[in-house]
Amino acid sequence: MSPVRSCSRTACRQPAVFTLTYVYADSTAVLGPLATYVEPHCYDLCAEHAERLTAPRGWEVVRLPAEAGQPSADDLEALANAVREAAKPAPAQHAEPVGQGVEVGRRGHLRVLRSAQPEREQ
Ligand SMILES: [Zn+2]
């Protein structure tokens, strides 16, 4: 796939900036920001052809904003992570280590632990 996609209209060499997706079930043509992947029923359009786009009879055209401020999937993911992070209870400050560690020494306030060997059945 070439990194720069061009308009899918015949004889148009303009770089594509929009992706038109036909949602047949809803008789809707969705014009949105250039899709990351080329999919069936998707047509890349340059700004000019996107502007001139008219829906087939009985169809609706939905135009999604395409400016740079549009949140990407990555941004939404980051936001979701931030919300999840904020929802977590704060970790206890002086929690003792949990597990099967065996104390083998101390260095300052740190305890040197090694994993306890599981007892083997003879
Ligand atoms: Zn075009």
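Two residues are in contact if their C-beta atoms, placed from the backbone, lie within 7 Å, and the legends below use the word in that sense for a predicted model.

**Figure 1. Overall chain, with its contacts and order of elements.** Among contacts between residues at least 6 apart in sequence, 48% join residues that are at least 24 apart. The secondary structure of the chain consists of 2 helices and 6 strands, which follow one another along the sequence in the pattern β-β-β-α-β-α-β-β. Of the 122 residues in the chain, 9% are buried.

**Figure 2. The open sheet of 4 strands.** The strands are arranged in the order β3-β1-β2-β4, and their pairing is mixed. Because β3 and β4 (60-63) stand at the edges and each has a single partner strand, one side of each is left without a neighbour in the sheet. From one strand to the next, the twist averages 25°.

**Figure 3. Pairing of β2 with β4.** Strand β2 (residues 28-33) runs parallel to β4 and is joined to it by 4 bridges. Within this pairing, A29 has V61 of β4 as its bridge partner.

Figure 4. In soluble globular proteins, nonpolar side chains tend to be buried together.

**Figure 5. Surroundings of A50.** When residues up to four places away in sequence are not counted, A50 touches F18, L31 and L45.

How values were computed:
Residues numbered from 1 in each chain as written. Predicted model: local features only at pLDDT ≥ 70, side-chain atom pairs only at ≥ 80, totals over all residues. Buried ≥ 20, exposed ≤ 12 C-beta atoms within 10 Å, placed from the backbone. Pairing = 2+ DSSP bridges. Axes fitted to C-alpha atoms, helices over the stretch in contact; angles between N-to-C directions.
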